[in-house]
Amino acid sequence: MSTSGAAPIAGNDAPIIEISGLCKRFGSFSAVEDVDLKIGRGEFFALLGPSGCGKTTLLRMLAGLELPSEGTIRIDGQDMSLVPANKRPVNMVFQSYAVFPHMSVLDNVGYGLRIDGVPRDEIRRRAEEALALVKLDGFAARRPDQLSGGQRQRVALARALVKRPKVLLLDEPLSALDAKLREAMRLELVNLQETVGITFVIVTHDQSEALSMAGRIAVMNQGQVQQIAPPAELYEFPSSRFVADFIGSVNMIEGRIESASNGRVRLACPGIATPIEMEHEAAPPVGSTAWVALRPEKIDITKEPTGEADANTVSGMVEEVTYLGETSVYHVRISPDLPLMKVSSANLDRVTRRAFTWEDPVYLSWTATCGVVLER
Amino acid sequence: MENWRRGRSAFWLIGLGPTVWLVLFFLVPLAIVWLYSFAELRGLVDMEVTGTLDNYARALDPLYLGVFGKSVVFAGLTMVVSLIVGFPVALAIVFAPPRWRPVLLLLVILPFWTNLLIRTYALIAVLRVRGFANFTLEWFWDQSNTLLSLLGLGSYQLLGERFEPLELLYNNTAVIIGLVYVHLPFMVLPLYAALEKLDRSLIEAALDLGASQWRAFLTVVVPLSMPGIVSGAILVFIPALGSFLTPDLLGGTDSQMIANVIERQFKSANDWPFGAALSFLLMYLTFAALALRAVVSRGRGGI
């Protein structure tokens, strides 16, 4: 996981994209609802969410391919809300790549420049530069049907970058590639973005893609932005149950606030004998419902009870073991009424026999800084 | 498919019927007409196949070449007008909401449910001097005149003393209107098939790269629907080239197409050999059009 993008907006520059109060309705269906968003110059920004969450509609509104029902989009300080796609300083890489099948690679890449009336020899020079940038030197004369999916995507990238847009929009750029190529392309896109210095806005439903590439991520659900944060913050400090659940794997335990003071919250959770204590800045009212989100890798699994047994410890029985190579995930039954707790532990040794196996009685424990208390 | 090899006799048995039908009622008569084109008239009805080329020589007379030329021009104009009219129609159907598409396609082929003769007479009722087109124009003329009278300009007779109906029937324009009307579905359907397959994101990509709607249409939509354009053009051009009912009913004395001349040879003139020669020249012209299409499409990289 990278934390390189922790500084969201570079310097004191004004943001390149400012979205405020943006809504998009199709009939009675609200695809995007009241979105406010600022994206800084040179940022690698990801819109992440399940399918149908409105992230693609939001991207298409940035491109000008959909017009907003309400709200404004400012790009580089200029109101672009109702400006058509062909007059915006942004370019897009489509999910299907949309490489023109009736043109050579060179003509594809030069298309936008031809429209702009750039002289012929300059088109050729710039198109070849762009092709070199995406490592397609020597492919200029090829036709799209002679290219692989990955190469076609590079053509789409070069075609968008050659116009030197202020923002490059990428709609699920890696979803059509096979797993190995996808991994390699992630790194390449990040490097490319660093090279050209253009703001990238990428839409993805794949959390690992967003976490590994983006400097900041906006998590969307049902048309609304749930949280905007750098990857590490999103993972460690989710602001809602949706985000905690969507990003990575999590154990969600419902409870009632017993006390809240000195940055510490104590919850009584049905089905768990001891209370749960967590560090939490806010002080939710006593008696209200809250949830504790615990990541599987932050829970200790032991044969004997450890530490002070008055909080953050629970006993259970291993019901399922999943071996994943670098880690093993234990599914532990702690109460007949609660879902199984997931606990993952790294396989540091090449053990032939696991420390725990089916039906083993175990103790689970965690510290007060491991989890997050969520009020929504 | 494998069964074809095992049940070869069954395959031949099934194929026998259509083959006999085609040979008896298509190839044999065609061959007879072809032979007639090398025949000489003996008396009023008798013919003798002498292998003469006189019929073809006569067909190449400037008079008939002129009619051939006019037919090609009429068919070509029909093709171009159908393309210009049909492209927006096909585009509109493709971009219509999905539940409307079958209805709109049905409307396109609806005229086929009525006999061509009836449709052509209906067109006469629209185009003639006291027809619906002129009635509509007259109504507008009346309304405009009333409006002018209300404005106090009635006495100036700005629109002429009386309505002059347009001469829409029995001329070349009427023939083109009729031919376009009859052949438009043959243009719209292949265009629709080609446009329906077009990936919308290609148009969006063109817009995204700065193209105006018109430019995106010319540089992306038109080239990618070329197979549909070529099919539609061929499907309109060939039947239009050989049409005889439309120019016969809607045309004037100088709007005769080659099929009208051929018809006259077989009927009133009773000169079958010459009619046969003209028929085969028309067929060769059609083959030439198809050959041209093949050459054009090979040049386009096999679309």
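This briefing describes aromatic ring pairs, and charged groups placed over rings, in the structure above. The model is a predicted one, and over all its chains it holds 16 aromatic pairs.

**Phe87(B) and Phe217(B)**
- Phe87(B) and Phe217(B) form an edge-to-face pair, with 5.2 Å from centre to centre and 80° between the planes.
- This pair links distant parts of the chain, since Phe87(B) belongs to helix α4 (residues 62-95) of chain B and Phe217(B) to helix α10 (residues 213-224) of chain B, 130 residues apart.
- Phe87(B) and Phe217(B) are both buried.

**Phe112(B) and Phe186(B)**
- The ring centres of Phe112(B) and Phe186(B) are 5.4 Å apart and their planes stand at 50°, so the pair counts as tilted, a class that falls between stacked, under 30 degrees, and edge-to-face, over 60.
- Phe112(B) lies in the loop between α5 (101-109) and α6 (116-127) of chain B, while Phe186(B) lies in helix α8 (residues 172-196) of chain B, so the pair ties together parts that are 74 residues apart in sequence.
- Phe112(B) is partly exposed, at a relative accessible area of 35%, and Phe186(B) is also partly exposed, at 30%.

**A cluster of rings**
- In chain B, Trp34(B), Phe38(B) and Tyr56(B) are joined into a cluster by ring pairs.

**Charges over rings in chain A**
- Arg159(A) places its charged end over the ring of Phe100(A), 4.6 Å from the ring centre.
- Arg241(A) has its charged end over the ring of Trp291(A), at 3.6 Å from the centre of that ring.

Methods:
Residues are numbered from 1 along each chain as its sequence is written. Chains are lettered from A and ligands numbered from 1 in the order in which they are written. This is a predicted model: local features need pLDDT of at least 70, side-chain atom pairs count only at pLDDT 80 or more; totals for chains, interfaces and linings use all residues. Side-chain values use heavy atoms; hydrogens and water are left out. Rings of Phe, Tyr and Trp (its six-membered ring) pair if their centres lie within 6.5 Å; planes under 30 degrees apart count as stacked, over 60 as edge-to-face and the rest as tilted. Helices (H or I, at least four residues) and strands (E, at least two) are DSSP runs, numbered from the N terminus. Buried means under 20% relative accessible area, exposed over 50%, partly exposed in between (1.4 Å probe, protein chains only). A charge sits over a ring if NZ of Lys or CZ of Arg is within 6 Å of the ring centre and within 35 degrees of the ring normal.
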